[in-house]
Structures are given as structure tokens and as C-alpha cells.
Amino acid sequence: MWHQHLLPALFPQIILAAASVLCLLLIAWKRNHAVVHLFTLLSLILALASLGKIYDATAVDGLFVIDGLGVFVEGVILIAVFFITIFSYPYFFQSQIEKEEYYVLLLLATLGATSMVISNHFVSFFLSLEILSVSLYTLIAYPKKMSASVEAGVKYLILAAVSSAVLVFGLGLIYVQTGQMSLAELGKLATGGIGANIWMIVGLGLVIAGLGFKLALVPFHLWTPDVYAGAPAPTSAFVATISKGSVFVFLWRLFSSVGTMSHAVQLIFVVIAIASMLIGNWLALLQQNLKRLLAYSSIANLGYLIVAFVASGETGLHAAMFFLVAYFICMLGAFGIISFLSEPAESGQQERLSLSSYTGLFWQKPGLAVLLALIMLSLAGIPLTAGFIGKFYVLLSGVYSTQWLLVIVLILSSVIGLFYYLRVVIQLFSRPETPVSYPASPYAVSTGLAFLVLFILLIWFGVAPGHLMDQISQMVHMIKG
Amino acid sequence: MSDSFVHDIHLWPLLLYSALVLLTAVGMLLLSHFLGQRHEEPATDETYESGIPVTGSARLLFPIHFYIVAMFFVVFDLEAVFIVAWAISLRQVGWAGYAGVLIFIFILVAVLIYEWRQGALDFGPNSKKILKAYYRRIQQKRKSS
């Protein structure tokens, strides 16, 4: 029961759990927004530093597997949360509500996400999923005087709870059939042939539906725009990036342990991917609300990610990881800019939602406008940005696995997507009839620095993707070895 | 999983079962719709209070402390259950389990400290606060007069 060698490998989780309790005590001792903020940043750095120590360790326990994939995504998640924490400070700076607990919940949600990516067992997966979701309900409804946020929180609560129930029912049915809850044991059974039967089919179907809800793939995507639009912008960034990325890693682990995908399962994912790409891009065309536009864009992007998932194998994993990193950078930057440009209002932070309120941003704040334009181009997949390379690898993995239908739909839907991304860019650079005033945000230095880093990463991974790709392929080899 | 995933199994029991579930639910709703009685008397839509005429709305104002007490009870009671679960398997889980339950209790204490500092444990009217507000008011009156 007691694996001493696993303890150092779980240091990031231990640090995050301890940090959230200490953060709570810090709040009890003295309420200070700046101190709690710095404490959160410090504990994230500490967790990231402890990750470096376990980078070349492959340890497997009943509940967790610590391999290259897990450690890589853990690192990406911790860095992303670091950015979100930086964006949260100016966002909540002028808010009248008690804002310190936000960081406790942020740390807890991160704990859930980082332990999900190393889960190797239904129990550890479900536990970390619930830690993540329960923190997210509160994070979404955090500005409790904003009715939009509370509405988004309740919507997310109901839908996430229902999808969790569906998911756990599916996991239960798989357990009924196989008598196993560990992915490693399931993998062993699968090579001997599980014997497809009705329980297994229904179970896998329910699991796909549950995970589809969490990933906002198309038949299960309806909650996404409302939740993104209502949640405070830093939380939207969290939902868009971290909760999606960590669930995707578990999806990958589940289906790669069950073995080569059977035709039926593959067909389901092909249909889901096509629907997500087409409907996501299609619905984004008419959006006048930037956050809703990003929500539909994220649905489409998850569709692209599923293309790499269907391709599976080493190329698929390479492509998925690169695409995920590029997508993380874009979403963090976009929601960071939205939260940075928000203004304090009576009930909470008033965000600029409509596209028209960004008209002529370039003539007022050229740096932000250029970054937002670059993010849009990256999401559209224009060369010299990380998004292009990510989409290129996804396309390549589709070609390698001869999924021609998926490849064609990917290209077509990217063309549709180009239209609405460019519409945002045009808004940013056109001269407004009446100049829109943008307020000076407090504590712009750290946020500005974060934007600069995102800008550099976006260009760097777009021009010289070799560094990131080397890192990813190193990690894939560790999985095999 | 074999490739002949869908072929060698019978799906019809599932379909039949789903159809039966649907049929039962729809049948119950339809039957009660057509066969059930309908009343249109003056008191039909009134709240049923054991035959006594309604005395007022059910939307009363009462102190939120009741909710907090109930919530604390549920939270801490549930956590006691976990400690009992540990106590049952004391010998099997050994010192690692002991360390685990210590951490668990420490987290409980931390939460209790947090709640205490938040003022969540102050039930009922706070006499100090009331007195303070009272004196402030008296002083304001003196200043104005």
C-alpha cells in the first residue's frame, strides 16, 4: 500500500494541496490580496520546480502513472495557471467582494487538473475530476453580485454534475463487465480480448458522452458559450484551457490502454470531430460577443484536437501535444486581454464583450491590439504563429493515418474560421468614429510582462518549433520506454 | 477489443428495454391526462394546510444562521465518518494511515480556524457590535445638536 519511491513524484500535488490549506490559514490570519496573490505565485513556482526533479522518472502505482506525458502536461498546466493568477490580480484589484478565496480555489482546481493527467485508475480520475469541477463551480460564480456569473455558475453546476453522473455510470458499467478499474489492468484484458458485449458498448458510450461534455465537443457543447461569457475572464481562461487539456489527457490514456480503437469507437470520434469542427466554426461566424466567439472557437479547436486523437499513435500524440500548447497560449492571451481591459463597475468587473467595443484598439493600445491580432491569426492557423505549426502537425497526423474525410473537413472548416478571426482583426485596426477610451489598469507591469512572454512564445513556437517538438518527442519516448 | 465489435452481440434487448421505459412513462402521463379528474373549485389552487385556511405566504424571513449551522453539521459530521472508516482499518493501514488521518484532521482544524476568523461561528446578535453602533449614534446626535 505504501510506495515510498512515489512520494517525490507526487510533490507537485502535495505542494499544491499544502499551499491551498496554508493559503486558507493566511486568509484567516490576515486578509491581504497582494500577499495571497504572491503566495499563490510562489507555490506554483515551487510545484513547477519540484516537477523538474521527476522529469526522468517513470513510476507506476495502482492509482497514478508518472510518465513523460503526465509530467509534460503537468508542467504546461502549472505554467498556464501561473499566467491566470497574474491576470487575476488586476481583475479583482478593485472588486468590492472578498477576493482572497479566489486563489485558494485556483490552487485546488490546479490540484485536480494536475492529478487528473497522471491518473491511471477510474477512482483517481474521478476524484481529481470532482476536485477540479467543484472548484470551478465556485470560480465561475465568484463575482456573486454579477447575475451573469451566478447564472453561468449554476448552468455549469447542473451540466457538469449530470455529465459526471453519466461518466461515472459508464465507468461503472465497464467495471461490471471487466471487474477492473485500473487502466493498466484494462489494457492487459484488452490484449486478451475483452469480448465485446452490450455492457462494454453502453459503458464506453456513456464515458464518451461524459468526457465529451467536459471537452465541449459538439453534441455536448451547449453549455460552453454561456459559461464562458458569464464567468469572470480569468476563470474563462481556466475552463477553456486547463480543464479541457487535463480531460483530454485522460481520454488519451483510456483509449490507448483499451488498445487499438475498434472501428465502431473510431467512427464515433470521427463524427464528433467533424461535427465539432464544422458547427463550432459555423456558429462563431455570427457572434458579436468576443467571449462567445472564443467559446465557439474553442469547440472547433477541440474538434481539431480530436483529429489527432483519432490518428492516435506517436504522430498523433506529438501533434496533439503541440496543438494543445499553441491553443493554451492563444486562449490565455485572449482571455488575459479581456480581463485586462475590463473596468470596475458597481456589482463587479465590467468586461468588454461586444466586438464593436474593441474598435480601434490599435490606435489606443497598440501592443495589446497586436497581441490580440496575432492570437486571432494563430487560432486561424496563419504561418509564423504557433497555431499554424500545431494545425500543420494535426493535419499531418490525419494524413499519416489516412483519415481523408477528417483532413478535408479540417481544411474546409479552417477556411470558414478564417472569416471570423479576420473580422476581429479588422475591428482592432479600423478607425473608430468616436474614440473609445480605455482606462489605465492598476498593476500593469506584471500583466504586461505576461503578455510579452505569451507574444514571444507564440512567435517562437511558430518560427522555430524544433525546441518544443524535441521536448515533446523526448517525453513520448519515455512513455514507450 | 475485437473489430467485430458490434456484430456478435444482440442489441435488441437494449432497444426493447428503452422502448418499454418510454412507453411506460408516456402511457402513465397520457392515461392520467385522459382519465384523471379535474377540479375547478375556489380552493383548488390554494395551499393545502390540513384543512385550515391559509394564514400567509410560505416565504418567511428567518435568520440565515440556521443554514450555516446545518451546513457545518453536515460538513463536520461527514468528516467524522471518514475518521471512523480509518479507525476500523487501523491495523491494516498502519503508520501511513495514521499520518494520513493526522493530515486530514489538520485540514479540518485549519478549516475550523478559518471559519472562526471569518465570524461564521458567531451566532445570534453580537452585543459588542450593537453597543458600538449605539454609541456612534449617540455621538452623532450630540454633534448635530
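Let's start with L251(A), which sits in helix 10 (residues 233-257) of chain A; helices (H or I, at least four residues) are DSSP runs, numbered from the N terminus. This is a predicted model, in which local features need pLDDT of at least 70 and side-chain atom pairs count only at pLDDT 80 or more, while totals for chains, interfaces and linings use all residues. Residues are numbered from 1 along each chain as its sequence is written, and chains are lettered from A and ligands numbered from 1 in the order in which they are written.

**Around L251(A)**

- L251(A) counts as buried because it has 20 C-beta neighbours inside 10 Å; the cut-off for buried is 20 or more other C-beta atoms within 10 Å, with C-beta atoms placed from the backbone.
- Leaving out residues up to four places away in sequence, L251(A) touches L211(A) and F309(A), where contact means C-beta atoms within 7 Å.
- L251(A) and L211(A) lie 40 residues apart in sequence, yet their C-alpha atoms are 7.3 Å apart in space.

**The largest nonpolar core**

- This core has 172 residues, and L305(A), I306(A), V307(A), F323(A), A326(A) and L372(A) touch the most other members; a nonpolar core is a set of buried Ala, Val, Leu, Ile, Met, Phe, Trp, Tyr and Cys residues joined through C-beta atoms within 7 Å.
- Helix 13 (residues 313-340) of chain A gives the most to this core, with 20 residues.
- Beyond its neighbours within four places in sequence, L305(A) contacts F248(A), A320(A), F323(A) and L324(A).

**Helix 13 with helix 18**

- Helix 13 of chain A and helix 18 (residues 444-463) of chain A pack at an angle of about 150°, with axes 10 Å apart; axes are lines fitted to C-alpha atoms over the stretch in contact, and angles run from 0 to 180 degrees between N-to-C directions.
- That makes helix 13 of chain A roughly antiparallel to helix 18 of chain A, a label for angles over 145 degrees, just as roughly parallel is for those under 35.
- Among the residues that meet are A326(A) and G333(A) in helix 13 of chain A, and A450(A) and L454(A) in helix 18 of chain A.

**Helix 11 with helix 17**

- Helix 11 (residues 263-284) of chain A and helix 17 (residues 404-429) of chain A pack at an angle of about 15°, with axes 8 Å apart.
- Helix 11 of chain A and helix 17 of chain A are therefore roughly parallel to each other.
- The residues making this contact include A273(A) and W282(A) of helix 11 of chain A, and S413(A) and Y420(A) of helix 17 of chain A.

Technical notes: Buried ≥ 20, exposed ≤ 12 C-beta atoms within 10 Å, placed from the backbone. Helix = DSSP H or I, 4+ residues; strand = E, 2+ residues; numbered from the N terminus. Contact = placed C-beta atoms within 7 Å. Parallel < 35°, antiparallel > 145°, perpendicular 65-115°, else oblique.
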